Amino acid sequence: MPSSAVPHEDSVRPNRITLPRMATVVGAAAVLYVAQDVFLPIALSMLIAFALSPVVLRGRRLGLGHLTSVLAASTLAFAAIGLFGLVVFSQLAELALNLPAFQANIMAKLGDLQAAGGDSGLVSRLMDMVSAISTEIGAAVPSEAADKPLAVEVVQPTNALDLLESLILPLVSPVATSGLVVVLVIFMLLEREHLRDRFIRLVGAADLHRTTQVLEEAGGRVANYLLMQLLVNAIYALPIGIGLWLIGVPNAPLWGLLTLVLRFVPYIGSVLAAAFPLFLAFAVAPDWSAVIWTAVLFVAVEAVTSNVIEPWLYGANTGVSSLAIIVAAVFWTFLWGPLGLVLSTPLTVCLVVLGRHIPQFELFDILFGDEPVLAAHQRLYQRLLAGDAVEATARAEEALEEMGAEDFYQTTALPALLLAQDDRDRGVLSRDQERRLTAAGMGMVADIAGLLAEAPPEPPADAALPAPRRVACIGGRWEIDDVSAAILAQVLATEGAAATHRPSTDLLPGRLAALDPAASDCLILCYLDPTPSRASLLHVRRLKRLAPGLRVGVAIWAMPADLAKAADGTLRTAAIDPAKIAEATAIGADFVVTTLAEAVEAGLDDQPGQPLPDEARAR
């Protein structure tokens, strides 16, 4: 069957990014944005419940009842959050009272900078900015000694109801939201089993295995992320708070607690946490020592935490790529503000887990997941198609660290070339692309040969070794066949053969004699086409007539079984036609192989070539 008639994976794959699917995602984002007052408390409650679930389970294992475990875990968690808020607000109030005292040091240091920098535009802009900040601070917290005229303001008469509304309503919303979150968390933990069953019934009761895997993986990843990140942040914030106190930065407990929270923000949290203490160190001390020591403190703690603490504590990553974390942070911040920035990573982890196991959500796993979305041979083919020999070699080097050259060629390189042959048969591979792909493939094979040459050769077991087997590998018809011939020759050379490779153009009638087939013990024609034409297979007969007794074989490369079919059972590439194998044997081929291992074994076999069949000789 011709390859063009074979259904391809792309033609049957249902999980593409379609316009209706993108419209659904945009619509869901719009709903989340408009109804953030509804969804934000629910999302926050779900994440806190995820984080407290292991604590509740631990309490139940210790013999506590379900209700007791839930109430104990919730009480401890929200008491810690309340204490955190109380300390932060008290420290902020104290800082607000002390701000005017820092203005003199700020202006003095700016004067020193201006004197040292001369007429530098950067220093001038910095002076203007800090002067404006200082003016705002003075206006917000005026000094008692300042003798300024009082501003006259017309005050409209208000009744008691308006006054009560202006005082109470601004406090009702955050208090009500906090209370709602507390109640939701408690009931989510109490109804955890019932919510799980309802989710399974809603998403897929027919496939309990997949749905259970989604719940376990999502809960495990989110809970692990939140608890481990909280522990890492606490380990990070403790030396920061103590160090700032020793340096003399005001309100050191405040900056330590804010550092604990800000490090939940991906990548830029540590920078934001260091900005405020650095500004205060600049403002409070008459010299620059406090600024230098504060910067050294944050750099040292960040280096130890990132390189020692986090790799040690994190048993598994979140499953989200680094770029996706940044994009998700921007998206959730746009939807839900600063709280969305803190919640961005856990929410994205949940979407990626859903996409990994539920086909309807696969879009999120493709966009945000950290696992490769293309197989190794597909990525290699894409780089070869682009003519990028450098990255193709880089991918080969990565693979060679885990497997041998023959395994890499069989599982990755030859399947990539088979994809190229498939595109050629379908008429979508242009002539320029074929030339680019061939050049990049030959460059990759040459680079791998250099890497293999760097490895120390194994000492021979016997000094009196027989002469190496002379094997010539020739591309069967096209330029991309030449790359497969070079691959086979390289693998044969690593097995001790005196192997060479020749291009398919050497099989032209005018150049066939110059090929000198009698100089080889074995000659192998390499085909990527699963149904090579009879005209190309007849080269076997011509070579045998030029060199009687020459062992001539045919290699028709087959896609490995694990790569040959898509998940729905359709063929990705055309299968080898058994009639072609029989046809090559009838023409006079001494052997017909379909894998690299079979080709190496047949090429190293010292059996002589068989004469042409009488039937073929008579014709």
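Predicted model: local features only at pLDDT ≥ 70, side-chain atom pairs only at ≥ 80, totals over all residues.

**Aromatic rings and their surroundings**

Modeller: Tyr-33 counts as partly exposed, because its relative accessibility is 40%. Five aromatic pairs are present in the structure. The pair of Tyr-33 and Phe-334 is stacked, with 5.5 Å centre to centre and 10 degrees between the planes. Since Tyr-33 belongs to helix H2 (residues 19-34) and Phe-334 to helix H13 (residues 322-357), this pair ties together parts that are 301 residues apart in sequence.

Phe-408 and Tyr-409 form a further aromatic pair, a tilted one, with 5.6 Å centre to centre and 50 degrees between the planes. Phe-408 and Tyr-409 are both buried. They are among the residues with the most contacts inside the largest nonpolar core, which has 48 residues; Met-444, Ile-487, Leu-488 and Trp-557 are also in that group. Helix H17 (residues 405-425) gives the most to this core, with 10 residues. Leaving aside residues up to four places away in sequence, Tyr-409 touches Leu-414, Pro-415, Val-445, Ile-448, Ile-487, Gln-490, Val-491 and Leu-596. Another core lies apart from the largest one; it has 21 residues, including Leu-525, Leu-538, Val-540 and Ile-576.

Two further arrangements involve aromatic rings. Phe-331, Trp-332 and Trp-336 are linked into a cluster by ring pairs. At Trp-478, the charged end of Arg-424 sits over the ring, 3.4 Å from its centre.

Conventions. Residues numbered from 1 in each chain as written. Heavy atoms only, no water. Core = buried A, V, L, I, M, F, W, Y, C linked by side-chain atoms within 4.5 Å. Buried < 20%, exposed > 50% of the residue type's maximum accessible area, 1.4 Å probe, protein only. Helix = DSSP H or I, 4+ residues; strand = E, 2+ residues; numbered from the N terminus. Contact = heavy atoms within 4.5 Å. Phe/Tyr/Trp six-rings, centres within 6.5 Å; stacked < 30°, edge-to-face > 60°. Lys NZ or Arg CZ within 6 Å of the ring centre and 35° of its normal.
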